[in-house]
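Hi everyone, thanks for coming along. Let me put the structure up on the screen, and then we'll walk through it together.

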Amino acid sequence: MTGRCASSRSSGPSEMRILVVGAAGRLGSAVVRQFDGWAEVTGTVREELDVCDRRAALDRVAGLRPAAIVNCAAYNDVDGAEDEPVEALNVNAFAVRNLAEAARSVGAALVHYSTDFVFDGAGDRPYTEEDPPNPRSTYACSKLLGEWLARGALRHYVLRVESLFGSSAGPDRPTSVDRIVEAILARREVRVFADRTVSPSYNDDVAWATRVLLESGAASGLYHCVNSGSCTWEGLALEVGRQLGVEPRLVPVRMADVEMRASRPLYCALANTRLATAGAVMPAWQDALARHLAGRRTVTG
Ligand SMILES: NC(=O)c1ccc[n+]([C@@H]2O[C@H](COP(=O)([O-])OP(=O)(O)OC[C@H]3O[C@@H](n4cnc5c(N)ncnc54)[C@H](OP(=O)(O)O)[C@@H]3O)[C@@H](O)[C@H]2O)c1
């Protein structure tokens, strides 16, 4: 157990035992924080539990007997996956099969996070859970396979998130939003995609929605777990500038003009209506951004 992601026991409203794997990641640390005080949380990092190790996963889960396993471990290097497809598949897909098997063996629910990248991005209205995926990269294929393998757990929640941002990212792991905020605060020019549309996901709101689903016993299945609304990266940067009261120096670029190893979807707003119907109404991304910026001000004084 690490200092960052230690187990905790509390007299919160639930005595549910939760295992969070990949707990040192951006989302993992937010999930541990969210559940702390409500459930008995065990967060594990890679050195404690390598999710690719089937035997270790089965043993850990058999020993702990959690009511839920929340999988925050992932291979997230979208371009790197083109060179390391086996590693990407192992972490993003076959490890999920391990966790689903482990969950099934003790009757636990499995929460698994996926991505907007499962879509080809050729749409022009927010994608719903019913829209057919069409992954265009090795990373995206590995994540889609992970979605399918998560269904091996009797009770499972596959939550598609995108463009994660939040306070738990840490200075050594800046998100795209962090890079934009830093540049605007430093009055530096910042290049932003003017034609890539996303529905950003605030870590704390994703963690909260995860808890709502587990707490309410919502139906198993696929949920788009993003903040409400959508924007281009240029639109997001303009909103950052507006909220900070700083005129941003933006250099708008088009996706087609930037050479990238792996293909990325151009239009990827996600509709989160199914999640709302299940009880987790996600705040607008502008609201999440305001909370994120307020949190940064608190930390930096
Ligand atoms: N970040 C985004 O914008 C984004 C967008 C769409 C979807 N998602 C999905 O959201 C979820 C959370 O993403 P994130 O941004 O929080 O990821 P992250 O910050 O990259 O964290 C992933 C964690 O997984 C750990 N990990 C990797 N391989 C492992 C293994 N074999 N066993 C155990 N742990 C392992 C990593 O440890 P090491 O540091 O030791 O490698 C890291 O702590 C993932 O499923 C991701 O695919 C993220």
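Start at Val51, where a backbone N or O atom lies 3.0 Å from a nitrogen atom of the ligand. Do keep in mind that this is a predicted model. Arg26 also takes part through its backbone: one of its N or O atoms sits 2.9 Å from an oxygen atom of the ligand. Then there is Gly25, with a polar backbone atom 3.4 Å from a ligand oxygen. How much of the ligand's accessible area does the protein cover? On its own the ligand has 900 Å² of accessible area, and the protein covers 86% of that.

Now let's look at who stands around the ligand. There are 24 residues, and the ones that come nearest are Leu27, Arg46, Asp50, Asn76 and Lys143. By type, the shell splits into 13 nonpolar, five polar and six charged residues.

Which elements supply that shell? Helix α1, strand β4 (residues 109-115) and helix α5 (138-150) each bring at least two residues. The biggest giver is β4, with three residues.

Is Ala30 buried or exposed? Its relative accessibility is 2%, so Ala30 counts as buried, the cut-off being under 20%.

Conventions:
Residues are numbered from 1 along each chain as its sequence is written. This is a predicted model: local features need pLDDT of at least 70, side-chain atom pairs count only at pLDDT 80 or more; totals for chains, interfaces and linings use all residues. Side-chain values use heavy atoms; hydrogens and water are left out. Buried means under 20% relative accessible area, exposed over 50%, partly exposed in between (1.4 Å probe, protein chains only). A residue is near a molecule or strand if one of its heavy atoms lies within 4 Å of it. A polar contact is a pair of N or O atoms within 3.5 Å; within protein, one must be able to donate a hydrogen and the other to accept it, and residues adjacent in sequence count only if both atoms are side-chain atoms. Accessible areas come from the Shrake-Rupley method with a 1.4 Å probe; for residues, only the protein chains shown count as cover. Helices (H or I, at least four residues) and strands (E, at least two) are DSSP runs, numbered from the N terminus. Ala, Val, Leu, Ile, Met, Phe, Trp, Tyr, Cys and Pro count as nonpolar, Asp, Glu, Lys and Arg as charged, and the others, Gly among them, as polar.
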